[in-house]
Amino acid sequence: MARTAEKTNLTDARIAALSIPGRGWSVPAREDAVNRLRAMGLPDRRDEYWKYTRPDTLTQVTPEPAAVFENDEAPLFDGIDRVKIVFVDGVFDAEASDDLSLEGVRIERLAEANSDLHWARDLYGTLETNGQTPVARPLAALNTAFATDGMLIHVTGAASKPISIVYRHESTTSDVILHHLIKLDAGAELTVLENGPAAARFNKVMEVEVGDGASFHHVRAQGRDHERRAATHVFARLGAESTFKSFTLTVNGVMTRNDCVIELTGDDASAHVAGACVGDGAFHHDDTVFVTHDAVNCESRQVFKKVLRNGATGVFQGKILVKAGAQKTDGYQISQSLLLDEDSQFLAKPELEIYADDVACSHGSTSGAIDEDALFYLRSRGVPLAEATDMLTLSFLAEAVEEIEAETLRDEINTRMAAWLGRRRG
Amino acid sequence: MMTLDIVKEQDNVKDGVDQDTVDAVREVGGKYKHGWSTDIEMDYAPKGLSPDIVRLISEKNEEPQWMTDWRLEAYDRWLTKTEPTWAMVDYPEIDFQDQFYYARPKSMAEKPKSLDDVDPKLLETYKKLGIPLKEQMILAGVEGAEDAPAEGRKVAVDAVFDSVSVGTTFQAELKKAGVIFCSISEAIREHPELVKKYLGSVVPVSDNFYATLNSAVFSDGSFVYVPPGVRCPMELSTYFRINAENTGQFERTLIIADKGSYVSYLEGCTAPQRDESQLHAAVVEIIIEEDAEVKYSTVQNWYPGDENGKGGIYNFVTKRADCRGDRAKVMWTQVETGSAVTWKYPSCILRGDDSQGEFYSIAIANNMQQADTGTKMIHLGKRTKSRIVSKGISAGKAQNTYRGLVSMHPKAKESRNYTQCDSLLIGDKCGAHTVPYIEVKNNSSRVEHEATTSKVDDDQMFYCRSRGMDEEEAVALVVNGFCKDVLQALPMEFAMEAQALVAISLEGSVG
């Protein structure tokens, strides 16, 4: 399709408004990313993977302002023994953060890692670049080029506690670009927790290299601020016999686009991506997941559940791509929405693209209201309507939440969802 | 195992091998069954596309001015359009100026007053095609053939030989019921009020690149009108054939089922073997009024090209049914085994309340074939229902894609969709893809989509082999089982043909 002048103008204007921060090892990768971005252009509605989500507020030069939400809940993950790293509107807060030392893990900041021989040099932007084909992800290239900070985490052993990144949002106009790089050596283990609204507009990339036999867990909760906007990308490459598990809870937010791009490159690897989102009113949430099987005997699971009400919109675009030779692949994908009223909508594009024959791949997608029979059953047992609805809603979300391995984390997430249901905004 | 080519080339066959088997294998082995062409003098329009060609086609069909204008407008629109590239098909660029847009058998230059005037070679063509007809006799022009008792079920055939409808049978009986079944060119002349009202009302002139092209240059096709309350007394059928080299075939079919009527329409196709790729861009429009029902079944068996992807038909088809009235019902059934490239999405617009759309599809792609096919179910009316059952089979180096849309509009309360897409892979060089779009904009509707991809089950194969079947027979049986849900939706006449086709299409895919 011929590229429009508007696209070129928009892209040029956005690039002109930003500058590559700092000097040193990351500059060549950042310059490459600028070129990539110019070549593909920022997304617009005519792009296939932006069919259901309007990208304009994510691409425009100046972000829409977003009021800071007064969160009355206790901060998430507070009771968990962890290494806490705090960013306030994208700026690292040393005082609020813990000491960045953890056995078997080297934790640094992108903005401060200046040594030219830094390990991150060979990884920064590489997984993002791989993830640009076959589908362009221009906002990720923008991130690689212009990220102001982020964490560089190199894991050599089994981390004794999770690393928890907390994003605070205090300025109504903040426009934040962060880029995290995580490298797990063979056999290493790490859990990363993320939570908070981060900014009025947040563009985040996380590149994760999972070495042979390594295991990576990721649990994320995107903040409750109603007016925040976010475009996030996770790019992961999995070595042989490695494990990758990622779960995201999204509550509120006027615009959220979460891309997850996973490549299974070593035999017998396993990747699970799950998401639960509960949206209310002016809420647009888009999960775009791309899992590529490029090795033998790998397993992948995508489980996405969306509860929507008061005109909220949920989008799921998922793909299982099995390359030629990736035999014995077991691929599963489910995307479901529960529409709590007449005004909400669910738009899905669950895809399979398969070039190997000895595979078992399946996907399912459903959409509908709460099951009247189940509701009737609960009410006939004396459960009040509101409570019965909540019970059924939580049980609908359970399949996604169960993808979280640690019970304490699972409980925290369940509590948040129950609280959301209880609030019944508007 | 022994490949078919070896069997074919060996004149001395082992003892104990039945001569019939040898003959049968020789007949089908690696070769396309309908790969021959009849030598008939053709009347060509010059190559290429221009307003003059459009006028010429219109003139040759003796069309009124409004039709010529309609075509010319479509031509102008076409010039502004670009070929779609989103389908997962890959083929060399088509030079639209290097095609013939009009060709018809010479013997038709003067319209035959009776079928006696029909070129005997044409009739020979139908015979080779195996058209299951007493219609053979009628097409041959036998006086009083209409009155002769037909064996078994009646099928009326509007046979399209390249671009012109050469004979329409069972006219009298259909006329008695009030059903109009004729070529579209005849309908334009004889029933302009119906054509004016409905043509382009389901597939607008500028709907898509190929539909627009078709609107400008369609040479012929079928027209069906079933009046209110009439149950069409027989199955209507059209056999399409592409015979002339380098001729694009652009049929236009218009079916109107008025209130409370019923019609079942069969479309079957074969094409002779050609080395140069041939272009086909058809448009089918179906209008279904209140309480009416239309069944549209297709067996598409055009020349798929050889094992190396040389030749074969490019098939870009726009088919759409509009359930205008309440309780209208449409059922698309298709068996797609032919063509080098298939681009086809028979769709249902469920406008009337309680209307229903069904889509049953078997798509088989072998060797270098590429198929990108599926359906659209647009739910607009309340309590509308749709069901999609798609079975894709890929073998050789073929690529097979299911692409579909299920859309529930905010006003389509309490609607229901069920989609089942299964893909079967035979061999590790082929691809099977599923690209469904699901858009749900109200909560009282339920949408369910399921898809699976797997290979031919080893246990089933082992069972068949242990019962003495060879590998190809076993695959054919397993695949036929896999397709069962769709085969059952076909009318009897087609079900048998389709079952045989499934087996023939997969020849050479194993071993």
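Helices and strands here are DSSP runs, numbered from the N terminus. By that numbering, A:Asp268 sits in the loop between E13 and E14 of chain A. The model is a predicted one.

**Chain A as a whole**

Chain A holds 8 helices and 20 strands. Its radius of gyration is 21 Å, close to the 22 Å that the globule rule gives for 426 residues, so chain A is as compact as a globular protein of that length. The C-alpha trace of chain A spans about 70 × 50 × 50 Å along its principal axes. Of the 426 residues, 53% count as buried. Now take the contacts in chain A between residues at least 6 apart in sequence: 84% of these join residues at least 24 apart.

**A covered strand**

Strand E15 of chain A covers residues 284–293. How many of its 10 residues are buried? The count is 10 of 10. In a regular strand the side chains alternate between the two faces of the sheet. Both faces of E15(A) are covered. One side carries A:His284, A:Asp286, A:Thr288, A:Phe290 and A:Thr292. The other carries A:His285, A:Asp287, A:Val289, A:Val291 and A:His293.

E15(A) has strand partners too. Strand E13 of chain A, residues 255–264, pairs with E15(A) in the parallel sense over 9 bridges. There A:Glu263 has A:Thr292 of E15(A) as its bridge partner. Strand E17 of chain A, residues 313–322, also pairs with E15(A) in the parallel sense, over 10 bridges.

**Helix H7 of chain A**

H7(A) runs over residues 385–401. At 1.5 Å a residue, its 17 residues should span 24 Å, and its end C-alpha atoms are 24 Å apart, which agrees. An α-helix has 3.6 residues a turn, so residues three or four places apart point the same way. The buried residues in H7(A) are A:Ala388, A:Thr393, A:Leu397, A:Ala400 and A:Val401. What covers them? The cover includes strands E14 (270–280), E16 (299–309) and E18 (330–339) of chain A. Helices H6 (372–380) and H8 (407–423) of chain A are also part of that cover.

**The contact between chains A and B**

The contact takes 32 residues from chain A and 29 residues from chain B. On the side of chain A that touches chain B, strands E19 (345–354) and E20 (360–368) each supply at least two residues. Which element gives the most to that side? E19(A) does, with 10 residues. The residues on this side of chain A divide into 15 nonpolar, 9 polar and 8 charged.

E19(A) also pairs across the contact. Its partner is strand E23 of chain B, residues 431–440; 6 bridges join the two strands, which run antiparallel. A:Leu352 stands opposite B:Thr434 in E23(B).

**The nonpolar core**

In soluble globular proteins, nonpolar side chains tend to be buried together. Here the largest nonpolar core has 239 residues. Those with the most contacts inside it are A:Ile262, B:Val224, B:Ile286, B:Ile288 and B:Val294. Setting aside residues up to four places away in sequence, B:Ile288 touches residues including B:Ala257, B:Val294, B:Ala321, B:Cys323, B:Ala328 and B:Val330. Charged residues also touch B:Ile288, among them B:Asp322, B:Arg324 and B:Lys329.

**Loop residues**

Most residues other than glycine have a negative phi, and most peptide bonds are trans. A:Asp268 is not a glycine, yet its phi is positive, about 60 degrees. Phi of A:Lys328 is also positive, near 60 degrees. A:Lys328 lies in the loop between E17 and E18 of chain A. A cis peptide bond joins A:Thr133 and A:Pro134, with omega about 0 degrees. A:Pro134 is in the loop between helices H4 (126–130) and H5 (138–146) of chain A.

In chain B, B:Tyr303 is in the loop between strands E12 (293–301) and E13 (313–323).

| Residue | Class | Other C-beta atoms within 10 Å |
|---|---|---|
| B:Tyr303 | buried | 23 atoms |
| A:Asp268 | partly exposed | 18 atoms |
| A:Lys328 | partly exposed | 16 atoms |

A residue counts as buried if 20 or more other C-beta atoms lie within 10 Å of its own. B:Tyr303 has 23 and is therefore buried.

Conventions: Residues are numbered from 1 along each chain as its sequence is written. Chains are lettered from A and ligands numbered from 1 in the order in which they are written. This is a predicted model: local features need pLDDT of at least 70, side-chain atom pairs count only at pLDDT 80 or more; totals for chains, interfaces and linings use all residues. Two residues are in contact if their C-beta atoms, placed from the backbone, lie within 7 Å. Helices (H or I, at least four residues) and strands (E, at least two) are DSSP runs, numbered from the N terminus. Two strands pair if DSSP finds at least two bridges between them. The radius of gyration is taken over C-alpha atoms; the globule rule is 2.2 Å times the number of residues to the power 0.38. A residue is buried if 20 or more other C-beta atoms lie within 10 Å of its own, exposed if 12 or fewer, and partly exposed in between; C-beta atoms are placed from the backbone. The expected span of a helix is 1.5 Å times one less than its number of residues. A nonpolar core is a set of buried Ala, Val, Leu, Ile, Met, Phe, Trp, Tyr and Cys residues joined through C-beta atoms within 7 Å.
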